[in-house]
Amino acid sequence: MVILFTAFAAYLDQADIFAPIKIDIDITYRPALEVILKRMLAGMAEFNIVFTNRFEDNVDLVISDAMLAEVDSRNRFDWQQLPTIKQIAQLRSRLSVIKRQKFEARFKELNPEND
């Protein structure tokens, strides 16, 4: 099975295998920080990240410099400044969970008998 998955992953673009993770970066008073964070996240190609607006219903994760009570705390990162190594590790961990959940959901859509 591992050989099959490896061959499958070698010939398909990651975007074809993993659904995009939609992230809103809502940094109100620090536009340069928002630009830095977008560049940092764009460099995490293994997560297939796309940027969107918080006002969309299907945002997966929000990074903001304001406490946003309406966003699930597991999917909200309140950053007032550049993130620390620990904060980046927490973000990567959460992105991994979201990536796995989206992959499992996509697999269930393709094979509904495996529910």
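Reader: What is the strand order of the open sheet?

Author: The model is predicted, so local features need pLDDT of at least 70, side-chain atom pairs count only at pLDDT 80 or more, and totals for chains, interfaces and linings use all residues. Residues are numbered from 1 along each chain as its sequence is written, and side-chain values use heavy atoms, without hydrogens and water. Strands (E, at least two residues) and helices (H or I, at least four) are DSSP runs numbered from the N terminus, and two strands pair if DSSP finds at least two bridges between them. The open sheet has four strands, paired in parallel, in the order β2-β1-β3-β4.

Reader: Which strands are the edge strands?

Author: An edge strand here pairs on one side only. That picks out β2 (49–51) and β4 (76–78).

Reader: How many bridges join β1 to β3?

Author: Strand β1 covers residues 21–26 and β3 covers residues 61–64. D24 stands opposite V62 in β3. The two strands run parallel, and the bridges joining them number four.

Reader: What angle does the direction of α3 make with that of β1?

Author: Helix α3 (residues 31–42) packs on the sheet. It touches β1, β2 and β3, where contact means heavy atoms within 4.5 Å. Axes are lines fitted to C-alpha atoms, for helices over the stretch in contact, and angles run from 0 to 180 degrees between N-to-C directions. For α3 and β1 the angle is about 160 degrees.

Reader: How many salt bridges does a search of the whole structure find?

Author: The rule asks for a side-chain nitrogen of Lys or Arg within 4 Å of a carboxyl oxygen of Asp or Glu. One of the pairs is K38 with E34, at 3.6 Å from N to O. Another is E104 with R100, at 3.5 Å. The search finds six.

Reader: Why does the pair of E46 and R92 tie together parts apart in sequence, and how many residues apart are they?

Author: The side chains meet in a salt bridge of 2.2 Å, N to O. E46 lies in the loop between α3 and β2, while R92 lies in helix α4 (residues 85–110). The pair therefore ties together parts whose separation in sequence is 46 residues.

Reader: Is E46 buried or exposed, or partly exposed?

Author: Buried means under 20% relative accessible area, exposed over 50%, partly exposed in between (1.4 Å probe, protein chains only). E46 has 27%. So E46 is partly exposed.

Reader: Why is the pair of F18 and F103 called tilted, and what is the angle of the planes?

Author: Rings of Phe, Tyr and Trp (its six-membered ring) pair if their centres lie within 6.5 Å; planes under 30 degrees apart count as stacked, over 60 as edge-to-face and the rest as tilted. The centres of F18 and F103 are 5.2 Å apart. F18 is in the loop between α2 (14–17) and β1, and F103 is in helix α4, 85 residues apart. The pair is tilted because its planes stand at 45 degrees.

Reader: Which residue lies over the face of F18?

Author: A charge sits over a ring if NZ of Lys or CZ of Arg is within 6 Å of the ring centre and within 35 degrees of the ring normal. F18 itself is buried, at 16% relative accessible area. At 4.3 Å from its ring centre lies K99.
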